[in-house]
Each structure stands twice: as C-alpha cells, then as structure tokens.
Amino acid sequence: MIVSQAKAAGADGSIRVLVVSDVLLYREGVARGLAQLGRMSIVDALSGREAIATLGSLRVDAILLDASAPEALVVARQLRALRPQVPIVGFGIGSAATSVACAEAGLIGFVGRDGTLAELEQAIEQAMAGEVGCAPQLVAMLCRRVAALSGTTADLRPTLTRREREIAALAAEGLSNKEIAIELRIGPATVKNHIHNILEKLQIRRRGAIGAYFRARTAQSPAPVPEEWQPASRAIPDGALAAC
C-alpha cells in the first residue's frame, strides 16, 4: 500500500489520486513516481477488486487506472457507477481500438504505454479541469480509428451484427485474427468464425479483401449515413473528438 504524506487532505491544493492496477509493481511504481513529483496526493494504490470494495469510503478527486489489464474496462465501469463525478484516467493504452473502448467505458484521459509520469500528471490535471488528456500520438490513433469506423458504418450496418462490424473494421485495418482477439478480448476461434460469416455475407473469398470492399463501397456511396444506422456503442465523448 502506497500512501503519500499529503493523504490527509487536498488542503494544500493537491489532487487526491487513487492508483488502480492489478499488477503490484505497476501501481506501486506509478504511485511513488507521482508522489515524488509533489503535485499529486496519492490516497492509495489498490487492485481493481480492492478499489471497487473501498472507493465509497475514500476521499479521491481522480482515479488513475491501468488500462492494459484484461478486466480494466469492467473495473472502470464499476468505479464510474460508484462515483460518477470522479474522472478516470487510463494508462498503458496501446492502440486506437483500446482508446475507443476506454472512451466508451467513461475514461476521459488517455496515456499510452510509452507515456511518462509527467504525462500522467498532466492528463490527471486536464481531467480535473473537464478536458480530455491525451498524448498527440494517441490523438492521431484515435482520429484514425474514428475515421475508419465512420467509413465502414454505412456498409456494415444493414447486414452484419455489431460484433461482426467491430471485427470487420479491425480486419480492414490489417489486424490478424490473433491481434483482433486480443483487442476485443475474445478467443481466436471466435474471431475465425466471425471472419467466415463476414466473408460469406459480403460474398468475398479472402479476408484481405475486406478493406478493399469497404473502401470501394465508401467511394461509391458518399451520401451521409442515416442517423438510425449509427451504432450507439461507438459514441465518443465530445471532448475526445474536440482533441482531434
């Protein structure tokens, strides 16, 4: 358990932060590093399960969550349900698809795997100010991901299920079945079955043709996508788009 000397309050103006990670070394290292910078008050460093169990009794201003953990998004949703007014910043984010999933889970700050302690501190401060904290590299990845989704939505919506649309979008970006399985946290065999169904529905023979199929359809159909076709699950907080 790592607690900074400023735990007693934010009376000095410091932001009270709860660090959450299921990896002890990660949470202790991040907590110690932020405490040494001197601008954050580390309330505690807990696992996801511990954070969910104790959040109601803690005085925190912001939550710093290890987004690389398999159950991170589930933890984020539960923490947000317990304290919806407390902003959650994710660190360890490695892809645009993960950024989108984090945004859907309610995170309003994003720091990549190559992020620094200074970037973590800045993202927390931006979150406290009601802004989206995101490194330029992640902004570019997020914008490319949103662009890819908007380019495939009109063609995918009438024929494919929500999961098939997600898998087709990732396949169109060139991800392998194994990479898609990691991004969506499902089994490779499940991805393979979905790919088979996608190819069958779109009447194409090779998975490598998925991207070309949607690029061609997008070029042929410049009309705007009807509002009722927009997938609600892909809604992004206004601030995230503003960062683009």
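The model is predicted: local features need pLDDT of at least 70, side-chain atom pairs count only at pLDDT 80 or more, and totals for chains, interfaces and linings use all residues. Residues are numbered from 1 along each chain as its sequence is written, and side-chain values use heavy atoms, with hydrogens and water left out.

Start with the whole chain in cartoon view. It has eleven helices and six strands (DSSP runs numbered from the N terminus: helices H or I, at least four residues; strands E, at least two). Of the 244 residues, 46% are buried (under 20% relative accessible area, 1.4 Å probe, protein chains only). Among contacts (heavy atoms within 4.5 Å) with a separation of 6 or more, 68% join residues 24 or more positions apart.

Next, select residues 40-46, strand β2. Seven of its seven residues are buried. Val19 has Ala45 of β2 as its bridge partner.

Now select Val20, Ser21, Asp22, Gly48, Leu65, Asp66, Ala69, Glu71, Ala72 and Val75, which line the largest cavity. A cavity is a set of points on a 1 Å grid over the protein atoms alone where a 1.4 Å probe fits but cannot get out; lining residues have an atom within 4 Å of a point. The volume, the space filled by probe spheres set on the points, is about 40 Å³. Color β3 (62-66) and α3 (72-82): each supplies at least two lining residues.

Methods
1 Å grid on protein atoms, 1.4 Å probe; cavity = no way out; pocket = protein on both sides within 12 Å on 5 of 7 lines; lining within 4 Å. Buried < 20%, exposed > 50% of the residue type's maximum accessible area, 1.4 Å probe, protein only. Pairing = 2+ DSSP bridges.
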